[in-house]
Each structure stands twice: as structure tokens, then as C-alpha cells.
Amino acid sequence: MPAITHGLPTTLPRKVTWKKSSHSNPNGDCVELAELVDQQIAVRNSRHPGGPALIFTRAEMAAFIQGAEEGAWEKLLE
């Protein structure tokens with residue numbers, strides 16, 4: 001199994017508040033986000049709260065959200 005190079009166990013850091021979208025799937029298939037103390041954003045799968053979590057800068061997350069708003073990922077759902 002390849003090593004995870006852009007994530008960390010979600011037990012660390014311990015003092016973050018994970019948030020789910022109000023559009024989350026009621027079956028628990030959700031993505032959760034948390035703001036870290038260094039202004040980065042952690043992303044995890046709610047079905048696997050123990051990790052891993054992907055860590056993004058604010059600029060990376062802003063670019064992703066902008067792409068989603070503009071429909072850049074729609075072909076992935078076909």
C-alpha cells in the first residue's frame with residue numbers, strides 16, 4: 001500500500017471543530033472540514049473519522065470551491 005504523503009491522522013490536531021455541509025447525505029456519506037490553527041483547512045470522510053485527513057491551504061480550498069461553483073467537476077459525475 002502506498003504511503004500517504006498529503007494527510008494526517010484526524011486524531012491530530014485534537015482541538016478542531018469538524019463541520020458538515022447542510023447538504024450532507026443522510027446515510028453518512030459526507031465530507032467534513034475543519035479550520036486548523038495555522039489557517040489551513042483539513043478535509044476528512046465522515047465515515048472514517050480516524051483519518052486520514054487531507055490538508056489544504058486557504059488558496060487551494062478557494063480554488064477548489066470556485067471550480068465547483070463554475071461546474072468544473074461536473075464531468076466527473078457522469
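Predicted model: local features only at pLDDT ≥ 70, side-chain atom pairs only at ≥ 80, totals over all residues.

**Exercise 1.** Find where E32 sits, and work out whether E32 is buried or exposed.

*Solution.* Start with the strands: E32 belongs to strand β3, which covers residues 31–35. Next, check the relative accessibility, which is 9% for E32. Buried means under 20%, so E32 counts as buried. Now look around it: E32 touches residues including W18, K19, A42 and R44.

**Exercise 2.** Track down the salt bridges in the whole structure and say which parts of the chain they link.

*Solution.* A search of the whole structure turns up 2 salt bridges. Take E32 and R44: their closest N and O atoms are 2.6 Å apart. E32 lies in strand β3 and R44 in strand β4 (residues 41–45), so this pair ties together parts 12 residues apart in sequence. R44 is buried too, at 12% relative accessible area, and E32 is buried at 9%.

Then take R58 and E35, whose side chains meet at 2.9 Å, N to O. R58 is in helix α1 and E35 in strand β3, so the pair links distant parts of the chain, 23 residues apart. Here R58 is partly exposed at 41%, and E35 is partly exposed at 45%.

**Exercise 3.** Work out which residues make the nonpolar surface patch, and whether L77 is buried or exposed.

*Solution.* The patch is made by F64, I65, W73, L76 and L77, and spans about 590 Å². Zoom in on L77, found in the segment after α1 (58–69). Its relative accessible area is 77%, so L77 is exposed.

Methods
Residues numbered from 1 in each chain as written. Heavy atoms only, no water. Helix = DSSP H or I, 4+ residues; strand = E, 2+ residues; numbered from the N terminus. Buried < 20%, exposed > 50% of the residue type's maximum accessible area, 1.4 Å probe, protein only. Contact = heavy atoms within 4.5 Å. Patch = residues over 30% accessible without salt bridge, like charges linked within 9 Å, V, L, I, M, F, W, Y side chains within 5 Å. Areas by Shrake-Rupley, 256 points an atom, 1.4 Å probe, with all protein chains shown as cover. Salt bridge = Lys/Arg side-chain N within 4 Å of Asp/Glu carboxyl O. Lists of a residue's contacts leave out its neighbours within four places in sequence.
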